[in-house]
Amino acid sequence: MRRLLGRIDGDALDRAVGRWLTDRRAGADGQLRGLAVDGKSLRGAARAEGRKIHLLAACDHLSGLVLAQLDVGEKTNEITCFQPLLETLADLAGTVVTSDAMHTQREHADYLLGRGAHYIMIV
């Protein structure tokens, strides 16, 4: 089992599961879908060099399912990962995306509007 899991591309598996969950999400009855974008450091997990693993995730408000997540690299931060994370989701039209103050960026708002999404950002 360990050899099998060692050959799996974790990022590709994560994207595939996120797409599958997105296709089955609740709210397909015309209601607005809510999506929370937030980052967290994984508790008790660290890389070989000791750096904590930090992920940026997009979580469905209704179901609580993580639809996409992205590793925030050591030489970057959540701000630069916002758009690449949401690019992994096929359709944001009509979705209300919520985020914390770190993501209150003009570029983020412009990006969401360009994808047909709405946003609520803490200021």
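## First stop: a charged pair

Lysine 40 has a relative accessibility of 53%, so it counts as exposed, the cut-off being over 50%. This is a predicted model, so treat each stop as part of a prediction. Is aspartate 38 exposed, partly exposed or buried? Aspartate 38 is partly exposed, at 29% relative accessibility. Side chains of opposite charge can pair when their charged atoms come close.

How many salt bridges does the structure hold? It holds two. We will visit the other one later.

## Zoom out: the whole chain

Show the whole chain as a cartoon. Look for four helices and five strands. Trace them along the sequence: the pattern reads α-α-β-β-β-α-β-α-β.

The chain exposes about 8000 Å². Carbon and sulfur atoms supply 55% of that area. Of the 123 residues in the chain, 32% are buried.

Now think about contacts. Take those with a separation of 6 or more: 46% of them join residues 24 or more positions apart.

## Second stop: a nonpolar patch

Select Leu4, Leu5, Ile8, Leu13 and Val17. Together they form a nonpolar patch on the surface. Which elements give two or more residues to the patch? They are α1, residues 2–6, and α2, residues 10–23.

Click on valine 17. It sits in helix α2. Its relative accessibility is 38%, so valine 17 counts as partly exposed.

Select residues 78–87. This is helix α3, and its buried residues are Glu78, Cys81, Phe82, Leu85 and Leu86. Why do these residues share a side of α3? They cover an arc of only 130° around the axis, and this puts them on the same side of the helix.

Next, select asparagine 77. It caps the N-terminal end of α3. Draw a distance from its side-chain oxygen to the backbone nitrogen of isoleucine 79: the gap is 2.9 Å.

Select histidine 103. You will find it in the loop between β4 (95–99) and α4 (106–114). Is histidine 103 buried or exposed? Histidine 103 is buried, with a relative accessible area of 0%.

Show what surrounds it. Leaving out residues up to four places away in sequence, histidine 103 touches Leu56, Glu78, Ile79, Phe82, His108 and Met121. With histidine 108 there is a polar contact between side chains, at 3.5 Å.

Histidine 103 and threonine 80 are 23 residues apart in sequence. In space, their C-alpha atoms are 9.7 Å apart.

Select His108, Ala109, Tyr111 and Leu112. These residues of α4 are buried. Turn the view to look down the helix axis. The buried residues fall within an arc of 160°, so they line one face of α4. What do they pack against? They pack against α3, β4 and β5 (118–121).

Now look at the face turned away from the buried side. It carries the exposed residues Arg106, Leu113 and Gly114.

Step past the end of the helix. Glycine 116 follows α4, and its phi is positive, near 80°.

## Last stop: arginine 115

Select arginine 115, in the loop between α4 and β5. Its relative accessible area is 19%, so arginine 115 counts as buried, the cut-off being under 20%.

Here is the other salt bridge. Arginine 115 pairs with glutamate 87, and the closest N and O atoms are 4.0 Å apart. The pair links distant parts of the chain: glutamate 87 lies in helix α3, arginine 115 lies in the loop between α4 and β5, and they are 28 residues apart.

Two more distances to draw. From the side chain of arginine 115 to that of tyrosine 111, a polar contact spans 2.6 Å. A polar atom of the arginine 115 side chain also lies 3.2 Å from the backbone oxygen of alanine 90.

Finish by showing its contacts. Neighbours within four places in sequence aside, arginine 115 is in contact with Leu86, Glu87, Leu89, Ala90, Asp91, Leu92 and Ala93.

Terms used:
Residues are numbered from 1 along each chain as its sequence is written. This is a predicted model: local features need pLDDT of at least 70, side-chain atom pairs count only at pLDDT 80 or more; totals for chains, interfaces and linings use all residues. Side-chain values use heavy atoms; hydrogens and water are left out. Buried means under 20% relative accessible area, exposed over 50%, partly exposed in between (1.4 Å probe, protein chains only). Contact means heavy atoms within 4.5 Å. Accessible areas come from the Shrake-Rupley method with a 1.4 Å probe; for residues, only the protein chains shown count as cover. The arc is that of the directions from the helix axis to the C-beta atoms. A polar contact is a pair of N or O atoms within 3.5 Å; within protein, one must be able to donate a hydrogen and the other to accept it, and residues adjacent in sequence count only if both atoms are side-chain atoms. Patches are made of residues with over 30% relative accessible area and no salt bridge: like charges are joined within 9 Å, nonpolar side chains (Val, Leu, Ile, Met, Phe, Trp, Tyr) within 5 Å. A salt bridge is a side-chain nitrogen of Lys or Arg within 4 Å of a carboxyl oxygen of Asp or Glu.
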